[in-house]
Amino acid sequence: MYIRGLIFWCLLVLHLPPRVSAIRKNIGFLGNQLCRTTVQGRYLLSDENGRVCDALSLDPQSRCCPMKGERFPCKGCNLLSQCCNSYEYCVSCCLNPSTTLVDEVTKVKMAKTATSGTYPSVFDFCSGRCRHNSGSVVHENAYISEFHHCFSLPSNQSVDDHTQLEARLIGVNVVIGGQGESCDLVCKSQGQSCIVNKLLVLNQCEIMKKYMSCKGGCLASVGSDQPAEVVDDAPKDLNPGTCLYTKPQSMLSCDGSHLHTQRLCPCA
């Protein structure tokens with residue numbers, strides 16, 4: 001009996017799998033990456049990947065919108081003025097790399113004070129910029145336009161390197177129009193057409209001062225005839241010699257004109 005028992009235990013040991021003596025240290029576990037999302041809307045959300053969905057559609061683990069959804073949709077957005085009638089679509093449209101340049105927005109200050117910081121990422125810029133601001137309202141209690149969620153660079157906003165803005169004017173003929181002329185008329189007289197999306201670049205005080213005298217300074221205004229300079233013989237209450245940039249950029253157009261201003265026009 002003793003010999004049989006010994007043989008049995010020997011066979012059992014031979015057939016058992018070897019005991020694991022160590023844990024491999026080169027194996028890791030992929031952590032779930034959580035999406036950041038907007039929280040302003042009642043029904044829709046925009047995630048940092050540039051997709052829009054409702055809260056019930058969020059992936060419970062990643063907190064991202066479904067991958068099958070369109071990326072960077074611009075529903076209800078005016079791509080010229082870069083303003084939208086929806087906060088969530090404003091953010092998603094702004095996140096498009098072909099629309100918003102990382103090097104530009106990460107240099108924009110979050111406030112006008114000299115000590116304020118800059119936006120750490122494009123998502124922070126878009127989600128912050130698309131909220132209502134002073135340029136979206138008139139008389140402090142009404143919207144200037146239904147397109148009051150804007151993600152364009154703030155007018156007259158200090159950017160460390162203005163050469164980036166000027167680079168966007170390569171190939172564009174910047175022309176000062178005659179008194180009361182629209183940019184459509186000005187460019188047509190040059191045998192060219194007004195390039196409407198370049199008005200956003202010209203709508204900056206630093207850029208206007210390179211082409212116009214602006215001896216009366218530079219002021220924020222509201223008007224489809226801007227960017228422009230008020231002519232010297234204009235009534236005193238219109239601030240003769242002052243350069244004007246329009247705060248509601250949704251009003252920028254090539255066909256706008258005013259009796260007492262000269263427009264700065266992008267022609268090509």
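Visitor: Hi! Is Arg51 buried or exposed?
Guide: Arg51 is buried, with a relative accessible area of 11%. Keep in mind that we are looking at a predicted model.

Visitor: Why does 11% count as buried?
Guide: Because the cut-off for buried is under 20% relative accessible area, and Arg51 comes in at 11%.

Visitor: Okay, and where does Arg51 lie?
Guide: You'll find Arg51 in the loop between β1 and β2.

Visitor: Which residues is it in contact with, skipping neighbours within four places in sequence?
Guide: Arg51 is in contact with Leu45, Ser46, Cys65, Pro66, Met67, Gly69, Glu70 and Arg71. Take Cys65, for instance: 14 residues separate it from Arg51 along the chain, yet their C-alpha atoms are separated by 6.2 Å.

Visitor: Let's zoom out. How many helices and strands does the protein chain have?
Guide: There are 8 helices and 12 strands in the protein chain. Of its 268 residues, 40% are buried.

Visitor: And how many residues are in the largest nonpolar core?
Guide: That core has 21 residues. Those with the most contacts inside it are Val91, Leu95, Phe125, Cys126, Cys130 and Phe151. Two helices, α2 (87–94) and α4 (122–129), each supply at least two residues of this core. The one that gives the most is α2, with 6 residues.

Visitor: How do α2 and α4 cross?
Guide: Their axes come within 9 Å and cross at roughly 150°. That makes α2 roughly antiparallel to α4, because angles over 145 degrees count that way. The crossing is right-handed.

Visitor: Which residues make the contact?
Guide: From α2 it is Tyr87, Val91 and Cys94, and from α4 it is Val122, Phe123, Phe125, Cys126 and Ser127. Sorted by class, the contact of α2 with α4 has 7 nonpolar residues, 1 polar and no charged ones.

Visitor: How many residues of α4 are buried?
Guide: For α4, 7 of its 8 residues are buried. These are Val122, Phe123, Asp124, Phe125, Cys126, Ser127 and Arg129. They pack against β1, α2, α3 and β7.

Visitor: New topic: where is Asn173?
Guide: Asn173 is in strand β8, residues 173–176. With a relative accessible area of 30%, Asn173 is partly exposed.

Visitor: Which residues is Asn173 in contact with, apart from sequence neighbours within four places?
Guide: Its contacts are Gln190, Gln192, Cys265, Pro266 and Cys267. Asn173 and Cys267 are 94 residues apart along the chain, while their C-alpha atoms are separated by 4.9 Å.

Visitor: What about the backbone? Which peptide bond is cis?
Guide: The bond from Gln226 to Pro227 is cis, with omega near 10°. Pro227 lies in the loop between β9 (218–221) and β10 (228–230).

Visitor: And what is phi of Cys214?
Guide: Phi of Cys214 is near 50°, a positive value in a residue other than glycine. Cys214 lies in the loop between α8 (205–211) and β9, and at 8% relative accessibility Cys214 counts as buried.

Visitor: Last one: what is phi of Asn239?
Guide: Phi of Asn239 is near 60°, again positive in a residue other than glycine. Asn239 sits in the loop between β10 and β11 (243–246), and Asn239 is partly exposed, with a relative accessible area of 38%.

Note on methods:
Residues are numbered from 1 along each chain as its sequence is written. This is a predicted model: local features need pLDDT of at least 70, side-chain atom pairs count only at pLDDT 80 or more; totals for chains, interfaces and linings use all residues. Side-chain values use heavy atoms; hydrogens and water are left out. A nonpolar core is a set of buried Ala, Val, Leu, Ile, Met, Phe, Trp, Tyr and Cys residues joined through side-chain atoms within 4.5 Å. Buried means under 20% relative accessible area, exposed over 50%, partly exposed in between (1.4 Å probe, protein chains only). Helices (H or I, at least four residues) and strands (E, at least two) are DSSP runs, numbered from the N terminus. Axes are lines fitted to C-alpha atoms, for helices over the stretch in contact, and angles run from 0 to 180 degrees between N-to-C directions. Angles under 35 degrees count as roughly parallel, over 145 as roughly antiparallel, 65 to 115 as roughly perpendicular and the rest as oblique. A crossing is left-handed if the near helix is turned anticlockwise from the far one by less than a right angle, and right-handed if clockwise. Contact means heavy atoms within 4.5 Å. Ala, Val, Leu, Ile, Met, Phe, Trp, Tyr, Cys and Pro count as nonpolar, Asp, Glu, Lys and Arg as charged, and the others, Gly among them, as polar.
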